[in-house]
Amino acid sequence: MVIRRATPADHGWIRDTAADVYRPLGDYATIIPTWLEHTGVLAYVEEAPEEGRNCRRGFILLGFYEPGAPGAYVADLLAIAVAPRFQRRGLGRQLLRYAIHLARLAGRDRDVPEMRLTVAETNEAGRRLFAWAGFQVLEEDHGCYEGGQRAMRMALAL
Ligand SMILES: CC(C)(COP(=O)(O)OP(=O)(O)OC[C@H]1O[C@@H](n2cnc3c(N)ncnc32)[C@H](O)[C@@H]1OP(=O)(O)O)[C@@H](O)C(=O)NCCC(=O)NCCS
């Protein structure tokens with residue numbers, strides 16, 4: 001398996017996979033392309049040989065923003081997903097580990113003390129994955145998704 005930087009040829013797959021796995025939350029077929037085009041967002045895909053051909057199985061989108069004082073960045077894990085037929089094989093953990101590694105690398109050149117993310121209160125798989133990595137709840141009520149689910153903000157010190 002390999003985790004590599006996404007190219008424009010991967011964007012359609014990322015959009016379609018996100019639209020599928022995030023369907024209960026909202027219209028990710030529209031949201032994802034705007035993130036993919038943003039210069040502050042890094043996209044990576046995981047791929048491996050499956051059934052005789054190289055197959056994309058998961059992706060991460062990692063953005064950076066300055067919430068307060070200029071020069072202090074937060075790494076924002078905008079999305080992490082594994083295609084349904086490859087879930088529960090440890091790929092989510094590998095992708096999350098990689099996202100944390102990337103954010104720590106970015107912290108060598110600039111001040112990136114924290115990684116944050118937003119997860120639906122109803123998303124048991126996501127919440128368990130993030131708790132496993134040490135994320136703590138920062139805000140119980142960070143608004144709502146289009147689908148009506150309460151959004152929680154979580155953070156990890158890097
Ligand atoms: C969240 C997600 C990325 C996890 O990916 P994955 O490859 O299935 O995760 P892993 O196999 O590495 O498992 C990590 C842990 O996640 C939790 N988990 C994964 N799927 C789960 C499920 N269906 N129900 C409950 N917990 C689940 C478990 O704690 C699991 O460990 P365990 O199976 O040993 O108990 C995947 O379910 C997914 O893509 N979901 C849709 C997108 C999403 O919700 N992303 C997170 C919010 S941005």
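Predicted model: local features only at pLDDT ≥ 70, side-chain atom pairs only at ≥ 80, totals over all residues.
**Overall make-up**

The protein contains four helices and seven strands. Read from the N terminus, its elements follow the order β-α-α-β-β-β-α-β-α-β-β. The C-alpha trace extends over about 50 × 40 × 30 Å along the principal axes. A compact globule of 158 residues would have a radius of gyration near 15 Å, and the protein agrees with this because its own value is 15 Å.

The elements whose residue ranges matter below are listed here.

| Element | Residues |
|---|---|
| Strand E1 | 2-5 |
| Helix H1 | 8-21 |
| Helix H2 | 28-37 |
| Strand E4 | 72-82 |
| Strand E5 | 111-120 |
| Strand E6 | 136-139 |

**The sheet**

Strands of a sheet pair through backbone hydrogen bonds, in either a parallel or an antiparallel way. In this protein, seven strands make up an open sheet with mixed pairing, and their order across the sheet is E1-E2-E3-E4-E5-E7-E6. Strands E1 and E6 lie at the edges, each pairing on one side only. On average, neighbouring strands of the sheet are turned by 35° against each other, with direction ignored.

Within the sheet, E4 and E5 run in the parallel sense and are joined by five bridges. For Leu-77, the bridge partner in E5 is Leu-117.

**The H1 and H2 pair**

A pair of packed helices is described by the angle between the axes and by the distance between them. The axes of H1 and H2 come within 8 Å and cross at roughly 140°. This crossing of H1 and H2 is right-handed.

On the H1 side, the contact is made by His-11, Ile-14, Arg-15, Ala-18 and Ala-19. These meet Tyr-28, Ala-29, Ile-32, Pro-33 and Leu-36 of H2. Sorted by class, the residues of the H1 and H2 contact are eight nonpolar, one polar and one charged.

Definitions and conventions:
Residues numbered from 1 in each chain as written. Pairing = 2+ DSSP bridges. Helix = DSSP H or I, 4+ residues; strand = E, 2+ residues; numbered from the N terminus. Axes fitted to C-alpha atoms, helices over the stretch in contact; angles between N-to-C directions. Left-handed = near helix turned anticlockwise from the far one by under 90°. Contact = placed C-beta atoms within 7 Å. Nonpolar A, V, L, I, M, F, W, Y, C, P; charged D, E, K, R; others polar. Rg over C-alpha atoms; globule rule 2.2 N^0.38 Å.
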